[in-house]
Amino acid sequence: MLGYPAHFGQMECLKLVASPKYADKRLGYLGIMLLIDEKTEVLTLVTNSLKNDLNHSNMFVVGLALCTMGNISSSEMARDLCSEVEKLMGSSNTYIRKKAALCALRIISRVPELHENFISKAKSLLNDRSHGVLITGITLVTEICQQNPENIPIFRKAVSLLVRHLKNLASAGFSPEHDVTGVTDPFLQVKILRLLRILAKNDREASEAMNDILAQVATNTESTKNVGNSILYETVLTIMDIESEAGLRVLAVNILGKFLSNRDNNIRYVALETLNKTVGIETQAVQRHRNIILDCLRDGDISIRRRALELSFALINEGNVRVLTRELLAFLEVADTEFKQSMTTKISLAAERFAPNQRWHIDTMLRMLKLAGNHVREEVLAGFISLIAQTPEFHQYTVQKLYAALKRDISQEGLVLAAVWVIGEYGDVLVNDGNFEEEEGLMIEVSDILVVGLLESILLGPYANQVTREYVMTALIKLSSRFSDSSAEAKIKSLLTEYSVSMEVEIQQRAVEYINLFSYDSIRPAVLERMPIPETRTITENKADSSNTDRNSISRAGGPSDQDLLLDLMGVGTASNNDNTKSSKSSDNTSIPESTSSTAQKSSNIDLLADLFGGSPATNTPTMHMMPQSPPNTSNDNVNLMELLGNTTISERQSTSSMTFGLDALSALGQPPNILNSNTPARSVVGAPGYTAYQKNGLVVRLSPSKDKTNPAILNIQVFFVNDGSTGTINDLQFQAAVPKSQRLQMNAASNTVVQPNTVEKQLMRINNPQQVKVEECFHVIQLLTLL
């Protein structure tokens, strides 16, 4: 009948239910449970029949009605019949009480707010002597506590009663009515333990009340049979969730350790899964079972291997990092492909965090690259290269190890890339030390031409891809300035010439540029000098175990922005260095919407280009700097540039200084209108529209607000610092402001920290005002803080 229309039998079932005969009712209710669900419209016709039968004198008819309602009840039916079910939970008949409790479970799952109707009845069921009523009552209380945790204190008073029930079950003799393979009612024991875990969580008094019985159950329950293991598992979960004693937790971990020796894969899987959750609580206790956990890495079940692998990495610390890493590297050699990328990442993280010394760290990474170089993420490779660059005392050791490994195997991409980079940087160290002996006693020959030949074999090998060729070509041009053998240099030129006509644009461009470098022997050594020590890149663990090792799919760490590169060209440093010099006042209030930030960054990049070409955007157009420290005054850069050209009159210089540089005009797009410049007389500033925030000691601070054109939530405030000349030159000008927590503030650099007499300097503030607070309120706060 599954999937076929059943409407033809629904009305017949309703007729059978209306019959006074028990046999007809039984058949009718059975048909209703099979043919009707809670979404069927006919269900509304069943409600009246159920209500009549719930009040029937025959307990078996009442049981049929409760059973049917417990299976197909909808939210409407639950509301209509809730009172009848509540009344039946107080029946003197254990059969009806048990069925009514299960029906109440269905009601509160459909209509959670009705749980209050059953709280008093549920508490009375916990005192019942019948195991059937008791197990249904505990199930109902558990559901109420899980759906509405605020009811937990109400039922917490029953902890002593539940402990007594559990103690009677644990110490009871043979009872044929409840015995299951030698254990008295394991289903009830599991239900009691689960409810105790909920009631005693985060409550010390309740936890202390059940410590003794938990220890008794954990010690006396037989673990050779499955029913005993189920009770022990529930006991372990209860011990770990409540505020139990330390000895009890160790006992729980030992039980899980015994589970690992079980032949049943399901029990071992459950033990590993639970140990993964408890390793952070009882690390030392779990460490005692380290050997059994490592044995699970060789299990035939992939699920067990996966959980054992996760647990093995969680156990690594300073004391056992050597032993566990050695075992994990041995497993890496035979591990499934889907495990390898995750394993290489975790091994590198563990080595970086717990390495006893740098020599061991380098050896571990080398071993990992040899075994699974094709499954190494880019961040891991970058971290290894950074490690080598930061340890000059191991340059000779590392370059020799990588050279020897490369001669044996060029199939592991990660190993090839790391070795090629290191040989390119430290090839002179490799060659100057001459031949060396490997650990196996094998003598490795080293010379300029042999090193170049090894790199050539990589280019011509079957495993080379575009990234590998890029690395090799860069290494070759670097070696040309480190090797003294003319034949090696000629070989390098020949190899580069071959790739100057490559179909890959990047390869061709590199080859042509590198060949041209040979025409500039005077600067080539300086251009090809060793790279500075790269910044350490944080390795983030990838939760998804992916078998795809394509380098294009590996997520790259965020590289430098356009603004960082422009700052490097200007010799100012990168934005990462400037982060440390940000003002504490503005760093808390520098969050601007993404669209506005991107617009500001583009404008800032154009300003930097203008600086490169001799423009003066720092004065004429405010630049979106995050720190309030002032850059040098460049207001006369254009004039000085014209003076260098000679034959420039004063009038020409004045006209030149008033010209708008093309890039300045572009950078002004999206910025507030530039009302006044630094050459504007002080009188015109004081009389211009705006607000005077400060006027004392010869300094006038004027605030001129305007709405941002691209984002109405952004308020641009131009601050003018006017020196009226009464106190002479004003030095070390600093302006601070603050806004309420509902707003965000971003302050640009002031045009100058020195205000000459009768001149004006400027500074731009940008306020993110999402709640559209009135402008007067914003200025009120700023003015108050400025005066302070």
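I start with a term: helices (H or I, at least four residues) and strands (E, at least two) are DSSP runs, numbered from the N terminus. Axes are lines fitted to C-alpha atoms, for helices over the stretch in contact, and angles run from 0 to 180 degrees between N-to-C directions.

I note that this is a predicted model, where local features need pLDDT of at least 70, side-chain atom pairs count only at pLDDT 80 or more, and totals for chains, interfaces and linings use all residues. Residues are numbered from 1 along each chain as its sequence is written, and side-chain values use heavy atoms, with hydrogens and water left out.

**Entry 1: H11 and H13**

I looked up helix H11 (residues 186-200) and helix H13 (residues 226-241). Their axes come within 9 Å and cross at roughly 10°. H11 and H13 are therefore roughly parallel (angles under 35 degrees count as roughly parallel, over 145 as roughly antiparallel, 65 to 115 as roughly perpendicular and the rest as oblique). I checked the contact (heavy atoms within 4.5 Å). On the H11 side I found Pro186, Gln189, Val190, Leu193, Arg194 and Arg197. By class, the contact of H11 with H13 has 6 nonpolar, 4 polar and 4 charged residues. Here Ala, Val, Leu, Ile, Met, Phe, Trp, Tyr, Cys and Pro count as nonpolar, Asp, Glu, Lys and Arg as charged, and the others, Gly among them, as polar.

**Entry 2: H25 and H26**

I then took helix H25 (residues 448-460) and helix H26 (residues 466-480). The axes come within 10 Å and cross at roughly 160°. H25 and H26 are therefore roughly antiparallel. From H25, the residues in contact include Val451 and Leu455; from H26, they include Val472 and Leu476. The classes for H25 with H26 are 9 nonpolar, 1 polar and 1 charged.

**Entry 3: aromatic pairs**

I counted 3 aromatic pairs. The rule: rings of Phe, Tyr and Trp (its six-membered ring) pair if their centres lie within 6.5 Å; planes under 30 degrees apart count as stacked, over 60 as edge-to-face and the rest as tilted. One of the pairs is phenylalanine 60 with tyrosine 95, tilted, at 5.8 Å centre to centre and 55° between the planes. Phenylalanine 60 lies in H4 and tyrosine 95 in H6, so the pair ties together parts 35 residues apart in sequence.

**Entry 4: Aspartate 428**

I found aspartate 428 in helix H24 (residues 413-432). Is aspartate 428 buried or exposed? Aspartate 428 is buried, at 19% relative accessible area (buried means under 20%, exposed over 50%, partly exposed in between, with a 1.4 Å probe and protein chains only). Not counting residues up to four places away in sequence, aspartate 428 touches Arg482, Phe483 and Arg530.
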